[in-house]
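Colleague: Could you take me through the strand pairing and the charged contacts of this model?

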Amino acid sequence: MIPDWLSYQNQNAVRSLPLSDQLVQAMGFLPEMGLQMEVFSGGQPVKGSGLPRVGSVRHDNGNAADVFFTRDGQRLDWANPQHVPVFQDVVRNAKAAGVTGFGAGPGYMQQGSMHIGYGTPAVWGAEGKGVNAPDWLREAYGSAPKPSLTYGSAVPKAPIDLASIYTGAPALSELHTVQPQNPASALSEMFTQKRKDCETAAKRRREALFGDPL
């Protein structure tokens with residue numbers, strides 16, 4: 001089912017396929033911004049399929065799109081200084097959601113349009129060259145938060161005590177348990193136990209994340 005904020009106008013384009021579910025999900029923040037997205041160049045068959053396609057592999061399987069954004073029926077244009085902050089927020093939000101490639105600016109595609117999608121992380125402008133990416137696009141891409149890393153339910157949570165993670169040292173809150181009559185021995189035992197606990201936790205995390213038996 002196509003969400004109401006997304007429309008396709010690429011029926012007669014070479015890249016006439018819909019977007020991947022992953023990309024649609026990543027752009028799901030648009031309604032919160034009051035934006036709609038119109039696709040005029042969408043997905044295409046994979047390279048080597050023998051089916052009609054054009055350009056790089058970024059659009060393969062619907063993993064990229066060339067689009068216009070509209071708000072309240074008005075098409076936005078990055079040539080309008082009042083619209084630039086909106087485009088920048090789109091880039092920041094999309095990058096935070098895992099989108100990696102953005103193209104826009106004078107001399108690249110149509111006025112006010114933007115390429116969004118996956119592939120090698122990059123921004124670009126005229127002639128598809130990074131050196132031609134407009135300043136506003138570079139700024140937005142560079143200031144975007146990094147995509148959050150989520151773990152599956154089978155992955156143990158990371159320890160919250162940084163000292164224990166990196167050095168095997170006891171948490172400061174535990175130091176009061178050291179017996180005053182033999183503090184050196186107690187500290188040594190505590191360090192040893194903490195180091196063992198840290199190694200065990202690291203092993204469990206490797207096994208859960210990578211299936212690493214070591």
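This is a predicted model: local features need pLDDT of at least 70, side-chain atom pairs count only at pLDDT 80 or more; totals for chains, interfaces and linings use all residues.

Modeller: Residues are numbered from 1 along each chain as its sequence is written, and side-chain values use heavy atoms, with hydrogens and water left out.

Colleague: Which residue stands opposite Met-114 in E6?

Modeller: Strands are DSSP runs of at least two residues and helices (H or I) of at least four, numbered from the N terminus, and two strands pair if DSSP finds at least two bridges between them. Strand E3 (residues 64-71) pairs with E6 in the antiparallel sense over 4 bridges. Opposite Met-114 stands Val-67.

Colleague: How many residues apart in sequence are the parts that Asp-66 and Arg-15 tie together?

Modeller: Their side chains meet in a salt bridge at 3.6 Å, N to O, the term requiring a side-chain nitrogen of Lys or Arg within 4 Å of a carboxyl oxygen of Asp or Glu. Because Asp-66 lies in strand E3 and Arg-15 in the loop between strand E1 (6-8) and helix H1 (21-26), the parts tied together are 51 residues apart.

Colleague: Is Asp-60 buried or exposed?

Modeller: Buried means under 20% relative accessible area and exposed over 50%, with partly exposed in between (1.4 Å probe, protein chains only). The salt-bridge partner of Asp-60, at 2.5 Å, N to O, is Arg-53, which is partly exposed at 21%. Asp-60 has 8% relative accessibility and therefore counts as buried.
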